[in-house]
Amino acid sequence: MARPKDTSNEIEEIAAKFAKIHGAPKYIERPSGSLTSREYAKINGISTKTAAEFLLKLYRNKQAERIKIGNTFYYKLIK
């Protein structure tokens, strides 16, 4: 069986071209004044699951905004 051609260099070149053409950001900025359930858990010394449940409850009660960036949810209190 033939081995697949190594295309890693080709893919990197294509990605670099897209970045130049479209001005693709290196990362997406997180919303100011927000935190993740993991950060909340670490600050308060609780489990990540408990923190996530608490923040989700705030969101459902319309006391916090929930913003998804990539695979992470950020929570921001509504004033």
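This report walks through a predicted model of a protein chain, from its overall layout to a few individual residues.

## The overall layout

Let's start with the whole chain. The protein chain contains 3 helices and 2 strands. Read from the N terminus, these elements follow the order α-α-α-β-β.

Of the 79 residues in the protein chain, 16% are buried. The chain exposes about 7200 Å², and carbon and sulfur atoms supply 55% of that area. Looking at contacts between residues at least 6 apart in sequence, 33% join residues at least 24 apart.

## How two helices meet

Two packed helices are described by the angle between their axes and the distance between the axes. Here, helix 2 and helix 3 pack at an angle of about 115°, and their axes are 8 Å apart. Their crossing is right-handed. On the helix 2 side, the contact is made by Ser 37, Arg 38, Tyr 40 and Ala 41, while helix 3 brings Thr 48, Ala 51, Ala 52, Phe 54 and Leu 55.

## The nonpolar core

Which residues form the largest nonpolar core? This core has 5 members: Leu 55, Leu 56, Leu 58, Ala 64 and Tyr 75. Helix 3, covering residues 48-60, gives the largest share of the core, with 3 residues. Leu 55 also takes part in the contact between helix 2 and helix 3.

Leu 56 sits in helix 3 and, once residues up to four places away in sequence are set aside, touches Arg 66 and Tyr 75. Leu 56 and Arg 66 are 10 residues apart along the chain, and 8.2 Å separates their C-alpha atoms.

Leaving out neighbours within four places in sequence, Tyr 75 is in contact with Gly 33, Ser 34, Leu 35, Leu 55, Leu 56, Tyr 59, Glu 65 and Arg 66.

## A closer look at Ser 34

One of the partners of Tyr 75 is Ser 34, which lies in the loop between helix 1 (8-22) and helix 2 (37-44). Is Ser 34 buried or exposed? Ser 34 counts as buried because its relative accessibility is 11%, and the cut-off for buried is under 20%.

The side chain of Ser 34 reaches the backbone oxygen of Pro 31 at 2.5 Å. Setting aside neighbours within four places in sequence, Ser 34 is in contact with Glu 39, Tyr 74, Tyr 75 and Lys 76.

Key:
Residues numbered from 1 in each chain as written. Predicted model: local features only at pLDDT ≥ 70, side-chain atom pairs only at ≥ 80, totals over all residues. Heavy atoms only, no water. Helix = DSSP H or I, 4+ residues; strand = E, 2+ residues; numbered from the N terminus. Buried < 20%, exposed > 50% of the residue type's maximum accessible area, 1.4 Å probe, protein only. Polar contact = N/O pair within 3.5 Å; in protein donor to acceptor, adjacent residues only side chain to side chain. Contact = heavy atoms within 4.5 Å. Core = buried A, V, L, I, M, F, W, Y, C linked by side-chain atoms within 4.5 Å. Areas by Shrake-Rupley, 256 points an atom, 1.4 Å probe, with all protein chains shown as cover. Axes fitted to C-alpha atoms, helices over the stretch in contact; angles between N-to-C directions. Left-handed = near helix turned anticlockwise from the far one by under 90°.
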